[in-house]
Amino acid sequence: MGAAVSDMDGAPTGSNELGPPEQAVREFVTAIAWGEHRTVWRLFGDEARSTVLKVASKRGMEDDLVARLRDGTASEDEYDEFLADLISGLRADLAGNDLDALEYETDTVPPAPDQARVVLNVPLPFPLEGSLPMGSVELTVQDGGWRVVRLVPQVTK
Amino acid sequence: MNTKGATPAFSAETTERYGKPFRHFPVAVSAEAMAQAWANTEDGPEGATVLVDHEIGPRGLHGRLWTVPLADSLACAIVLRPRLSAEEGEVTWLLCGLAAAQAAEAISGRAVTTWWPDQAVDAETHETLSAVRAEIHLGPGKVKSVVATFRFDLVKLGVGPDGREATLEAVMAAVEGLSGELAAEGPPAVAAAYEQRCGLLGKRVKLTLMPKGETRGIAVRVSRTARLELESPTGMVERIGVDQMLTLAVV
C-alpha cells in the first residue's frame, strides 16, 4: 500500500517534442480501446485528472482515496480499480463507433494559445460519402507535450 | 405406439444408446428444445440424449444460427445434472466446449482446440468444427439441470454424413468423461483442462459486448466461471462473461 505509481506522473509517451495534436488524440483513443489504463491516465492533463477525481468524489469515493490518487500515493490495486472504471466510462462515451476507422481533424484555429481541439470523425457507410463528427478532444500543452483536457462526445441536441 | 409403421416427426420413444436414455427425432424445433422438455417436464436423467435429424431452428449462443446444411450436421443435446452452486453453473459452457473438442479430435484425427466460449475449431486453420451451447436451469441456490447442445460440421470433420453415428458416440463419451471429472474434481479441473486446450489464449482479440460497447486485449485466462480474462498492455484485466460476448475477432 501507498507505493507511488511513478510512471503515471511522467511525460507523455515518446519524446517531449510537441507533435501534431491528432497524434496525441489517436494515442489516447487507442489506449481507451485497448484498455491501456495507465497510458490514459498519463495522457490526462492536470485539469482532466482533477475533474475525474471530483466526479469520483461526488459519486461516493472516500476522500482519503481521492487524495491518494491525486497525490500519486495510491497503491497499484487502487489505481487499477479506479482506472478500470475510468476506462469503462470513456468507452461508454465512444460506444457505437468503429474506433479503428476514426479520422482525426485538428481545428485550424486553436481555442487558446497552447491549446488544441481535435474532432473525431466517423466515415459514413457506403454508398454515402464523407464523415460525421462523433465527438472531440480538447488538449493543452503541459510538460512539453499534449495532454487531454476533456473528451466531448457528440450527443443529440 | 405408432400403428402406421412410420416414426411420428414430433414424438419419439425412449430407447437406450451407448448406455444412456435416448430419443431420436426426424424433425424438431431443435435438439435443445426437446432435451429441455425432457429434463423439465419428464425429469430426464443425467446423460439423457436427444438426436434430431432436421432442426427447424438450430440456434446457439445469442440466437446465432447454425448455417451448416442439415444433411452435413450432427445435432444432439444431452441433459446434465451436475452438483454445482448457482455461481458455478457457467463452468458447464467449458465442459461443452471441451467435450466438442475431444469428440472432434477423436473423430477427425486432427488437432482441435476450444475457442471461447462456444466453439471447437481446427487448431491450424481455426475453421469451426462444432458449436455448443449450455442452457443452465437454476434451482434454489444450485444448478437444477443443464442442457448441453452440440452441433458438428461433419464435412469439415472429414467424416461426412456417414460419420454421424461415430460422432454421436464420441461426444456422448466425452460428455460422460468430463461430467465425471467435474463431479470428482470440481470446476477448477474442468476450467484448467479447457484453458490448456483453448486456442484463443495469447491472442489479441476484439470483442463487441452485450448490450453495447466493445473491449480489446490479450486473452490470457479462462476462469472457473467461464469468464475470458483479457489483459491490456498496461496490465488492466477485464473479465468477460459468456452472456456478455456478442462477437469476437482476433486482431
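Biologist: Is B:D43 buried or exposed?

Modeller: The general idea is a cut-off on relative accessible area, with exposed meaning over 50%. B:D43 has a relative accessible area of 58%, so the residue counts as exposed. Keep in mind that this is a predicted model.

Biologist: Which side chain does B:D43 meet in a salt bridge?

Modeller: The partner is B:R81, at 3.5 Å from N to O. B:R81 is partly exposed, at 25% relative accessibility.

Biologist: Which parts of chain B does that pair tie together?

Modeller: To read this, find the element that holds each partner. B:D43 sits in the loop between α1 (31-41) and β3 (49-55) of chain B, and B:R81 in the loop between β4 (73-80) and α2 of chain B, so the bridge ties parts that are 38 residues apart in sequence.

Biologist: What does B:E165 pair with?

Modeller: B:E165 forms a salt bridge with B:R17, 2.7 Å from N to O. Helix α4 (residues 164-185) of chain B holds B:E165 and strand β1 (residues 15-17) of chain B holds B:R17, so parts 148 residues apart in sequence are tied together. B:E165 is partly exposed at 34%, and B:R17 is partly exposed at 22%.

Biologist: Where does B:E229 stand, buried or exposed?

Modeller: Buried means under 20% relative accessible area. B:E229 has 8%, so the residue is buried. Its salt-bridge partner is B:R221, with the closest N and O atoms 2.7 Å apart. B:R221 is partly exposed, at 35%.

Biologist: How many residues are in contact, and what area do the chains bury between them?

Modeller: On chain A, 15 residues are in contact with 15 residues of chain B. The two chains bury about 1200 Å² between them, with 56% of it on carbon and sulfur atoms.

Biologist: Which residues have the most contacts inside the largest nonpolar core?

Modeller: The core has 59 residues, and those with the most contacts inside it are B:L94, B:W116, B:F150, B:F152, B:L200 and B:L207. Helix α2 (residues 91-108) of chain B gives the largest share, eleven residues. To look at one member, set aside neighbours within four places in sequence: the contacts of B:L200 then include B:W115, B:W116, B:V205, B:L228 and B:V250. Apart from this core lies another, of 42 residues, with A:V25, A:A56, A:L86 and A:V148 among them.

Biologist: What pattern does chain A follow along the sequence?

Modeller: Chain A has five helices and four strands, in the order α-α-α-α-α-β-β-β-β. Of its 157 residues, 43% count as buried. Among contacts in chain A with a separation of 6 or more, 56% come from residues 24 or more positions apart.

Notes
Residues numbered from 1 in each chain as written. Chains lettered and ligands numbered in written order. Predicted model: local features only at pLDDT ≥ 70, side-chain atom pairs only at ≥ 80, totals over all residues. Heavy atoms only, no water. Contact = heavy atoms within 4.5 Å. Buried area = accessible area lost by both parts, 1.4 Å probe. Core = buried A, V, L, I, M, F, W, Y, C linked by side-chain atoms within 4.5 Å. Buried < 20%, exposed > 50% of the residue type's maximum accessible area, 1.4 Å probe, protein only. Helix = DSSP H or I, 4+ residues; strand = E, 2+ residues; numbered from the N terminus. Salt bridge = Lys/Arg side-chain N within 4 Å of Asp/Glu carboxyl O.
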